[in-house]
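Dear colleague,

Please find the structure below for your records. I would be grateful if you kept it open while reading the notes that come after it.

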Amino acid sequence: MAAAVTARAPAHSDPFRMGVIVVLWLLLGLFVLYPLACLLGRAFSDDTGFTLGPIVGALGNPTHLRALRNSLVLATLVGILGTAAGFLFAYTVERTDMSRGAKRLIDLVILLPLISPPFTTSIGFVFSFGPRGLITYHLLGMQNAQVYGWVSTTCAEALTYFPLGFLALRPLIAAIGGDLEEAAFSLGGSRWQVFRTVTLPLTTPGLGNAFLLIFAASLADFATPLILAGNNLPVLPTDAYLQITGMFDLKGGAVLSLLLLVPAGLVFFAQRYLVERRSYVTITGKIGGRAHGAGAAPLARLLLWANCAALTLFILYLYGLLVYASAVVAFGANETLTLDNYRVIFTEGIPAIKDTLIIALIGMPLGGLYGVIVGYLIARSRGIGRHMIEIVSMINYALPGTIVGIAYLIAFNDQPLVLTGTATIIIACYIFRYSPTGIRTTVALLQQIDRSIEEASFSLGASSLRTFRSVTLPLILPAFFAGLGTVFIRAMTAISATIFLVSINWTLITVRILENMTEVALGPAAAFSVFVIVVVLAVTSLLNIALSRMTAPTQRVSVGTAS
Amino acid sequence: MRLGARPAAGLTHSKGSRFTRRAFVASALAAPFAGGTARAAGALNAYSIWPENYARPMMEAFEKASGIAVKFVRFSSGEALARVTAEKNNPQIDVLFGGPVETFTAGQSKGVFEPYKSPSWADLPARFKDKDGQWTAIADDPLVFMTNTAFLKQHNLQPPASWGDLLNPAYKDMLQMADARTSGTAVTRIFSILQAHDRNEDAAFAYMKKLRKNIQSYTKSGGGGTLPVGLGQAGGGIFFIVDALFTRQKGYDVQISFPKEGIGSAAECIALIKGAKNLDAGKKLIDWATSPDMQSLLAPNKINFLPAHPKVAADPSLADVLKGAKIIEIDEAWAGANRQRIIERWIAEVLNAG
């Protein structure tokens with residue numbers, strides 16, 4: 001409610017808005033800029049003071065440059081593949097006469113990669129495509145198939161992150177008024193023409209968002225390359241992580257992460273340029289029906305369905321493997337069914353489970369609120385402050401998690417603010433690192449809503465608070481719930497940043513999973529993963545139910561964003 | 001539209017229950033923000049580099065014996081040391097427990113340990129203790145070659161019995177070994193190879209470059225490659241005996257062998273953290289872990305470390321595996337002094353050669 005402010009009143013005339021902005025900047029300063037400054041301080045100083053030595057050294061090092069190039073190519077490939085898959089699913093779900101059951105199944109399956117710990121896809125790939133892989137060896141009879149390298153890393157990351165694209169694109173496609181497409185049809189456009197000239201251009205900002213989200217996620221991911229990249233695909237996040245955790249070289253890791261910031265920043269600005277060049281207002285306040293499967297021709301529909309089905313089945317297969325591995329003594333050696341792995345996680349694993357749930361449940365509402373407030377300020381204010389907020393709020397997301405974790409560790413281990421060992425540091429890390437999904441969704445939704453709707457409310461005499469509550473809030477509620485969901489999911493599944501923030505007092509399930517995996521205790525690792533998936537599914541289902549109940553009345557005023 | 005009315009629907013409880021709920025929410029919110037400063041007398045915090053399933057029975061036995069409550073979290077050696085180093089000004093733990101000696105010599109150079117000589121210190125051979133008491137060994141852990149039995153059969157191979165055997169083209173892209181950037185296993189392996197080449201660095205690196213062609217993946221942790229080898233996803237690798245035997249105990253069909261030229265071993269150590277908040281309790285844990293009290297518990301718990309204390313005998317089955325194995329001593333002083341340089345050379349010439 002904090003952002004209950006008018007859309008057009010100048011900021012300085014609105015003390016409430018100013019208050020919100022001041023508090024926001026305090027938080028951004030404390031949890032984004034200050035840790036980053038501490039990290040840069042380490043990277044750019046030695047006993048004598050400021051030095052450029054490390055960064056110059058890194059740029060002159062062919063190994064690091066190769067890792068940079070690999071990271072860029074990998075993130076681009078993953079971004080393209082992931083955006084395409086996300087669009088494929090979003091378009092199929094929204095624009096073909098898919099049965100409710102099939103939609104439900106897709107909603108569920110698409111969630112799986114998002115809500116599972118980051119290693120699950122990679123582990124599934126290793127079991128399926130290695131020299132003794134279930135698919136390569138046992139099914140296809142291939143000898144000496146190699147799973148490590150470009151192809152599997154790209155595919156595993158695309159599979160892990162394409163749901164981000166789906167989540168960003170689906171509301172947009174749903175929001176494109178069916179009347180626009182129908183108008184195009186009645187003007188004689190073919191289905192393909194309509195798709196190409198109406199539907200696709202209208203989703204361009206969404207495609208940009210989706211690409212940005214996936215590109216950034218891939219750029220920062222260390223877990224997948226750690227397992228699947230093998231020897232010939234060094235990437236920056238993994239190298240930075242290994243540099244810090246293995247070589248105890250904080251400086252070297254910081255420098256590597258600085259190399260990563262450049263492409264992350266470039267993509268971010270390119271995307272903004274793309275979005276701002278054109279206006280994409282489709283919700284005009286006029287009554288317009290939703291599209292009812294008018295989008296795709298029968299043959300195209302069949303193709304869409306087939307592709308979705310194939311991908312869906314493959315994901316289900318990977319997760320079937322996971323469940324199986326959680327229920328046998330030793331996958332691949334002793335496949336006697338057992339509940340032992342679950343007994344282990346519900347005895348030894350209880351502290352981690354309890355801590356993770358407490359942290360997730362506190363971080364979720366805070367992160368959702370933060371995402372909507374920041375998104376609202378970005379989309380509905382003007383001037384330099386808006387760009388600054390947008391950029392600063394994205395920093396922790398663009399940085400590799402490892403670096404955020406180390407930066408927090410450096411910043412909050414000493415006076416003036418000692419937070420290491422507390423849950424606060426982990427919760428803050430989640431909020432400022434994972435809320436950008438909520439921010440982007442809010443911005444994307446608000447960009448589609450013409451300001452004239454809000455202005456109409458004012459001219460009818462409504463107060464700014466009333467306007468926000470009865471017009472703007474219902475419109476961005478889906479973004480709030482998206483933010484809630486993302487922060488909860490990430491709190492349950494993320495590892496790269498938090499591995500440095502867990503402590504004697506507060507530990508996390510994902511860290512236990514990583515430990516179990518390195519201890520060759522695959523069974524408990526799989527059981528933990530299954531547990532995480534079940535909990536997250538339960539919580540996100542509750543969120544969806546709440547969202548659909550809360551937005552039902554608003555649909556009558558033709559806001560087609562909530563589904 | 002009707003959103004404003006919705007919260008009201010939730011306010012139909014009696015006053016009493018509302019307050020209870022508020023109190024609950026308040027306490028749930030407050031709890032996580034409290035720092036980890038509560039320290040009951042006789043409590044102790046530790047990072048364990050030993051896996052949870054090894055460390056837990058040990059810590060539980062110590063709790064029983066001493067009445068001191070132990071809180072511990074497990075991290076791989078590199079991560080544990082990175083944390084201890086980052087927390088130098090505000091130590092979160094009292095004791096760093098387990099992990100290969102090279103991690104402890106690296107920590108020593110960062111000045112994170114508080115010297116302490118336990119009663120057992122004097123009984124230990126030189127390679128099991130720092131001369132100033134910065135760290136002390138609690139076990140010994142030799143490296144082994146571990147290969148997948150089905151893979152050997154398929155390629156008509158015997159278990160490798162020399163370093164040269166690993167260069168066989170049959171192993172092309174089929175060996176998994178640890179990455180020297182994170183793993184103590186890898187560092188011990190590299191120093192073993194150097195030692196087996198009489199510390200002729202160029203010859204040792206020429207060997208490692210040839211071996212590189214057979215490496216399928218360098219894993220983050222020392223034990224990380226054992227599962228792929230167990231599953232036949234990889235043909236073999238070089239691991240600590242504790243990881244190799246654990247793989248076999250899990251039911252995977254693997255062979256353990258040793259190179260005739262000899263292979264290295266790493267002492268597993270313990271150290272007190274400088275600035276520890278529970279110094280006395282920490283010392284008690286070190287006294288106990290370096291003594292026969294703890295090390296005689298290794299065998300009954302099926303933990304395949306060799307006891308460091310001379311008064312504790314190795315489990316017969318473990319001794320049996322090691323029969324005929326040539327264990328060469330790594331000069332820790334030389335290794336410690338050259339560690340950084342050697343690892344950097346390995347990264348430049350071996351890891352990035354592909």
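Predicted model: local features only at pLDDT ≥ 70, side-chain atom pairs only at ≥ 80, totals over all residues.

Chain B has 354 residues, of which 57% count as buried. Its secondary structure consists of 14 helices and 11 strands. The chain exposes about 13,900 Å², and carbon and sulfur atoms supply 54% of that area.

The second largest pocket holds about 740 Å³ of space. It is lined by 28 residues, and those closest to its centre are A:Val344, A:Glu348, A:Pro524, B:Asn53 and B:Phe246. Helix 3 of chain B gives the most to this lining, with six residues. By type, the lining divides into 10 nonpolar, seven polar and 11 charged residues.

Over all chains, the structure holds 28 aromatic pairs. In one of them, the ring centres of A:Tyr370 and A:Phe432 are 4.9 Å apart and the planes stand at 65 degrees; edge-to-face means over 60 degrees, so this pair is edge-to-face. A:Tyr370 belongs to helix 16 of chain A and A:Phe432 to helix 19 of chain A, so the pair ties together parts 62 residues apart in sequence. A:Tyr370 is buried, with a relative accessible area of 7%, and A:Phe432 is buried as well, at 4%.

B:Tyr47 and B:Phe75 also form an edge-to-face pair, at 5.4 Å centre to centre and with 90 degrees between the planes. B:Tyr47 lies in strand 1 of chain B, while B:Phe75 lies in the loop between strand 2 and helix 4 of chain B. B:Tyr47 counts as buried at 0% relative accessibility, and B:Phe75 likewise counts as buried at 0%.

Yours sincerely

Definitions and conventions:
Residues numbered from 1 in each chain as written. Chains lettered and ligands numbered in written order. Heavy atoms only, no water. Helix = DSSP H or I, 4+ residues; strand = E, 2+ residues; numbered from the N terminus. Buried < 20%, exposed > 50% of the residue type's maximum accessible area, 1.4 Å probe, protein only. Areas by Shrake-Rupley, 256 points an atom, 1.4 Å probe, with all protein chains shown as cover. 1 Å grid on protein atoms, 1.4 Å probe; cavity = no way out; pocket = protein on both sides within 12 Å on 5 of 7 lines; lining within 4 Å. Points joined across faces, edges and corners; volume = space filled by probe spheres on them. Nonpolar A, V, L, I, M, F, W, Y, C, P; charged D, E, K, R; others polar. Phe/Tyr/Trp six-rings, centres within 6.5 Å; stacked < 30°, edge-to-face > 60°.
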